[in-house]
Structures are given as structure tokens and as C-alpha cells.
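I opened my notebook to look up a few places in this structure.

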Amino acid sequence: GEYFCGVCKLWDNTAGKGEHATKSIYHCPYCNVCRVGKGLGIDYKHCMKCNCCVELKKGLTHKCLNQALEGRCPICIESLRTSTKPLKALACAHVMHDECYKRYRKDRYTCPICNKSMDDMSEYFSRLDQAANASQMDAMFANTRSRILCNDCGSKSIVQYRLMHHKCPRRACGSYNTRVVETMVLRPGAPEPTS
């Protein structure tokens with residue numbers, strides 16, 4: 001029930017006792033810190049590209065981001081490497097504290113670093129498709145186009161102008177997580193602009 005690490009000079013006498021009955025601690029020689037878990041090759045592996053320990057769990061995938069834990073949590077600015085709080089890896093591979101993610105996610109759906117969607121947004125985007133199909137385009141905008149940048153796939157496109165929610169036209173993407181870069185009005189009979 002007691003743990004001591006001669007490298008970190010860490011002493012823990014709560015491991016395996018009371019409410020911590022299932023708590024185990026191991027020292028990672030690559031991270032050079034002690035971590036909660038049973039150990040490398042048991043329930044964790046060390047990713048050399050990310051330079052961090054990654055949980056080995058069936059169905060859990062790991063997307064490498066070079067030196068992912070070398071930075072700070074984009075929400076609370078605490079160092080990720082030395083943090084003892086649980087971490088959340090986003091689909092884009094950026095990392096933040098799990099509790100910061102939950103607070104941030106209440107009213108935002110994009111990564112605070114790269115602006116990509118943090119979660120599967122297909123249900124929400126499907127509702128936006130339904131709303132767009134149900135509303136009619138105002139005739140005064142018939143010749144108006146928007147040049148957009150999709151934050152999820154990175155493509156630039158020219159689409160029909162809408163007051164809200166421009167959809168990425170790439171079939172493989174279809175995201176509404178886009179940014180209008182330019183709005184243009186075409187003269188009657190003018191050719192469609194190319195992206």
C-alpha cells in the first residue's frame with residue numbers, strides 16, 4: 001500500500017488504501033515523473049513522438065501530436081506535463097484538462113487552439129441542413145457569394161451567400177464550422193467565380 005520513488009523523491013502511503021484501494025503509481029523513465037497507473041506495458045505506453053504516457057484501453061485510439069504535453073492547458077494555462085488532473089485529448093490531438101474541457105464545451109464546440117470541431121458534430125450539422133432546406137433564400141441575395149474557409153478540412157470554397165451557417169461543399173466534409181473570408185456580389189450574367 002505504500003509507494004516510494006527514489007528518482008522523484010515521491011512518497012505516497014495512500015495507494016491501495018481506503019478510497020484509494022485501486023490506485024497504483026508507476027515511474028515513467030521517459031517522462032521522468034511518477035504517474036497514476038499500473039505501469040508501462042500494463043495499462044499505459046509511452047509515445048515517443050508526443051513524449052507522454054498514453055492509456056492502453058481497448059477501443060481507445062491515440063492521435064500523435066508532436067510534444068503534445070509540453071505546452072499549457074489553453075483554458076487555465078496550467079502546465080500539462082506536471083498536471084495531476086485528468087487530461088482530455090481532442091479529435092485534432094490538442095490536449096486540455098478534462099474539467100476545463102467540460103466547462104468550455106458547455107457553450108463552444110471548436111478547439112480553442114486550431115478551431116476544428118472538438119466532437120462529432122454530425123447530428124447538429126444535420127439539424128442545420130434541415131433548417132437551411134426549410135428556409136427560402138431572399139431574392140436580394142441571389143447573386144451574392146461567399147468565399148469560405150472550412151475550419152475542419154482546411155479547404156477554401158465559394159458558396160451561395162447565407163445570412164448564417166455556410167456549409168463546406170466538400171462531400172467528405174460537409175461541416176458548418178466555416179469562416180467567411182470574403183463576400184462578393186456578381187453582376188447579372190457574370191461567370192461564377194472560382195475558389
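**Entry 1**

I started with Met96 and left out residues up to four places away in sequence; it touches Cys73, Pro74, Ile75, Leu80, Leu87, Lys88, Leu90, Tyr101, Pro112 and Met118. I noted that this is a predicted model.

Next I looked up the largest nonpolar core, which has 17 residues. Leu90, Met96 and Met118 have the most contacts inside this core. I then listed the elements that give two or more residues to the core: β6, β8 and α1. The largest share, three residues, comes from α1. In soluble globular proteins, nonpolar side chains tend to be buried together.

**Entry 2: Helix α1**

Which residues of α1 are buried? I found Cys100, Tyr101 and Tyr104 in this helix, which runs over residues 98-105. They sit on the same side of α1, because they cover an arc of only 100 degrees around the axis. I recalled that an α-helix has 3.6 residues a turn, so residues three or four places apart point the same way. I also checked what covers the buried residues of α1, and the cover includes β7 (87-89) and β8 (95-97).

**Entry 3: Ser83**

I found Ser83 in the loop between β6 (52-55) and β7. Is Ser83 buried or exposed? Its relative accessible area is 11%, and the cut-off for buried is under 20%, so Ser83 counts as buried. A polar atom of the Ser83 side chain lies 3.1 Å from the backbone nitrogen of Lys85. I then left aside neighbours within four places in sequence, and found Ser83 in contact with Glu78 and His97.

Definitions and conventions:
Residues are numbered from 1 along each chain as its sequence is written. This is a predicted model: local features need pLDDT of at least 70, side-chain atom pairs count only at pLDDT 80 or more; totals for chains, interfaces and linings use all residues. Side-chain values use heavy atoms; hydrogens and water are left out. Buried means under 20% relative accessible area, exposed over 50%, partly exposed in between (1.4 Å probe, protein chains only). Helices (H or I, at least four residues) and strands (E, at least two) are DSSP runs, numbered from the N terminus. The arc is that of the directions from the helix axis to the C-beta atoms. Contact means heavy atoms within 4.5 Å. A polar contact is a pair of N or O atoms within 3.5 Å; within protein, one must be able to donate a hydrogen and the other to accept it, and residues adjacent in sequence count only if both atoms are side-chain atoms. A nonpolar core is a set of buried Ala, Val, Leu, Ile, Met, Phe, Trp, Tyr and Cys residues joined through side-chain atoms within 4.5 Å.
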